[in-house]
Amino acid sequence: MRLGVCYYPEHWPQSMWEDDARRMKTLGIEQVRIGEFAWSRIEPAPGEYDWAWLDQAIDVLGNAGLKVVMCTPTATPPKWLIDRHPDILPVGANGRPRAFGSRRHYDFSSPSYFEASRTICTAVAERYGKHPAVAFWQTDNEYGCHNTVVSYSPAALARFREWLKARYQTIDALNRAWGTVFWSMEYRSFDEIDAPVETVTEAHPSHRLDYRRFASDEVARYNRMQVEIIRARSPGRPVAHNFMQLFNEFDHYKVAADLDVATWDSYPLGALDQQWFAPDLKAKWLRMGHPDFASFNHDVYRGMSKLPFWVMEQQPGPVNWADWNPAPLPGMVRLWSWEAFAHGAGCVSYFRWRQAPFAQEQMHAGLNTPDNRFDIGAHEAARVAQEIRAVAAANADADAAVRTKVALVYDYEAKWLFEIHPQGADFHYPRFAFEYYSALRALGFDVDVIPANAPLDGYALIVVPPLPVVPDDFAARVEASGAHVVFGPRSGSKTRDLRIPAQLPPGPLAALLPMRVWRVESLRPNVTETVRVDAQTEGRGRHWRDLIEVGEDPSLEVSARFADGHPAYVRRGSAHYFASVFDERLTEQLFARIAAEAGLTPRVLGDSVRVSRRGALTYMFNYGERAHGIDGVDAADFVIGTREIEPQGVAAYRTR
Ligand code: GAL
């Protein structure tokens with residue numbers, strides 16, 4: 001467990017660097033991330049490198065005993081490069097290139113950019129790959145940020161056609177798979193196929209889905225190029241990328257497969273403001289963030305990281321990019337930091353060292369104010385650093401792995417597919433996945449977030465938010481695992497080519513749940529349907545209804561019905577299917593029952609207290625406004641805090 005910080009020496013006079021490094025050390029910071037936006041200073045003109053300043057910056061940090069996280073600077077191609085190769089700019093759906101003047105203005109498919117990236121990455125990796133202070137690498141910065149995965153450039157189209165050829169082999173196979181006979185859309189060759197934009201009405205959904213898959217693969221290809229360059233020149237140093245869970249226009253599992261470490265950038269208040277949360281929740285958690293939001297991300301990236309995941313950027317104070325940018329309550333920076341460690345993080349790195357008084361992010365807080373005094377976040381980071389030492393001293397296994405019995409399946413293609421073919425305007429996959437996750441957390445469970453093709457052995461409960469395309473072997477793997485499995489609505493509702501399965505949904509899940517979804521309907525946001533489980537348990541179905549025919553098989557039970565008699569929840573043995581998106585309370589109640597059947601012990605926590613376990617330690621976090629008392633633990637067992645957790649407080653205790 002270590003602390004880090006994101007630092008931009010190129011933004012400050014050299015006369016400040018030594019003092020910066022010294023003050024970082026006094027806070028207990030060990031890792032310093034640099035360089036991800038510094039291309040114009042590394043290579044001010046084509047082929048003219050200026051290493052002197054960066055050599056100096058790395059030496060200053062290294063001499064102070066800090067380790068450097070070196071980045072490739074490819075998120076910000078400089079002006080001279082764009083002027084030389086305007087085809088680097090990504091092209092929007094309107095056919096116009098996006099302009100120079102901010103960042104991420106590049107097209108993953110541009111051959112010129114691929115080459116230019118290869119050259120700059122090679123130069124940086126050769127120069128610093130074996131530098132004793134350089135301990136870690138980051139490729140680029142936040143792939144997908146500012147909606148930059150999909151481009152409609154000529155280069156992207158050319159590569160898309162190649163991608164289609166590789167996937168379908170013949171144009172007839174593509175025509176059959178997509179069903180292009182509909183509206184006379186048949187193609188005679190791959191070269192006739194355009195990008196699915198600017199059509200008169202909705203473009204063909206299978207075409208769109210393949211374009212999204214293609215664009216995602218382009219990100220993985222581009223990242224792999226950088227990783228290979230770094231690995232060859234910097235042996236023994238882990239290579240990472242800093243993901244953002246919300247930028248899920250590419251498959252993070254595929255990119256992470258090429259990395260040693262998956263890291264992510266945690267901005268709980270910005271995310272709350274920008275995401276789907278209802279206005280009352282945005283007000284309630286204004287200065288704390290939603291209690292499950294950072295956790296969800298920790299679990300997403302823990303699962304795909306070979307070494308312990310990192311938080312590469314941690315919000316230290318107000319950000320600048322949401323519609324409203326409140327300040328975290330005192331205590332929250334510490335709470336967020338410990339929450340990351342409790343979920344298995346190896347490092348929490350604050351963004352950024354000092355607030356910049358110029359340019360786009362001048363309103364974004366840092367650990368230091370622009371006049372170079374420690375802000376609240378810095379004092380909290382210093383406290384975390386001290387506590388890390390205390391926890392490590394008290395526990396040999398403080399860095400142990402997180403072990404869970406509960407898994408949640410998260411799927412990137414599901415998000416793209418439901419966006420392309422929503423059928424109900426608010427069928428929002430990340431939100432529904434998050435709500436299932438949140439219900440599990442409110443019951444006190446630690447959760448692994450896994451892809452649909454992950455091994456399932458060892459889990460007692462597997463929760464599957466709406467998963468339209470189910471892998472062929474999924475049912476068999478679930479059965480072999482012996483776990484209870486809960487599927488959300490629309491699971492098994494499409495084939496890989498985005499068609500309705502021959503025997504209707506749930507497609508390949510019929511092996512587990514012999515039933516037929518013969519009709520579906522979507523519901524407006526202000527319409528809900530009563531769901532009756534038993535005399536005591538009732539809730540609401542929202543957004544969607546699968547109308548289910550249960551057929552003859554007596555082992556398929558109807559466990560809840562809608563008011564009009566249609567099944568709302570069916571099960572067969574340990575396989576459960578929800579025909580609607582149930583309200584949060586009902587979801588939690590049903591998960592609690594199913595978990596108990598699966599041999600787990602839910603611990604109902606309410607909405608403001610959360611628990612996580614790592615090694616022999618149990619961590620508790622209080623997001624709420626009132627102190628929370630923990631029962632049944634001796635005072636002597638606490639390594640952080642006490643039995644009474646103050647608002648925005650943290651406690652960690654040894655379990656016996
Ligand atoms: C991140 C990005 C950083 C910085 C930060 C501000 O998304 O990686 O470079 O812009 O947001 O909160």
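Me: What should I know before reading the numbers?
Reply: This is a predicted model, where local features need pLDDT of at least 70, side-chain atom pairs count only at pLDDT 80 or more, and totals for chains, interfaces and linings use all residues. Residues are numbered from 1 along each chain as its sequence is written, and side-chain values use heavy atoms, with hydrogens and water left out.

Me: Which residues are called "active site"?
Reply: Glu142 and Glu313, according to the UniProt annotation of an unreviewed entry. Such annotations may be inferred rather than shown by experiment.

Me: What makes them one spot?
Reply: They span 172 residues in sequence, but no two of their C-alpha atoms are more than 10.6 Å apart, so they gather at one spot. The lining of the largest pocket includes both Glu142 and Glu313. On a 1 Å grid over the protein atoms alone, a pocket is an open set of points with protein on both sides within 12 Å along at least five of seven lines, and lining residues have an atom within 4 Å of a point.

Me: Why is Glu142 called buried?
Reply: Its relative accessibility is 5%. Buried means under 20% relative accessible area, with exposed over 50% and partly exposed in between (1.4 Å probe, protein chains only). Therefore Glu142 counts as buried.

Me: Where does Glu142 sit, and where does Glu313?
Reply: Glu142 is in the loop between β4 (134-138) and α6 (154-168). Glu313 lies in strand β7 (residues 310-314). Helices (H or I, at least four residues) and strands (E, at least two) are DSSP runs, numbered from the N terminus.

Me: How do you know that Glu313 is buried?
Reply: Its relative accessible area is 5%, so the buried label applies.

Me: What does Glu313 touch?
Reply: Beyond four places in sequence, its contacts (heavy atoms within 4.5 Å) include Arg33, Glu142, Asn242 and Asp265. Glu142 in turn touches, among others, Arg104, His241 and Glu313.

Me: What makes the link from Glu313 to Asn242 a polar contact?
Reply: Their side chains are joined at 3.3 Å. The term needs a pair of N or O atoms within 3.5 Å, one able to donate a hydrogen and the other to accept it.

Me: Why is the chain called as compact as a globular protein of that length?
Reply: The chain has 18 helices and 26 strands. Its radius of gyration is 26 Å, close to the 26 Å that the globule rule gives for 656 residues, so the description holds. The radius is taken over C-alpha atoms; the rule is 2.2 Å times the number of residues to the power 0.38.

Methods. 1 Å grid on protein atoms, 1.4 Å probe; cavity = no way out; pocket = protein on both sides within 12 Å on 5 of 7 lines; lining within 4 Å.
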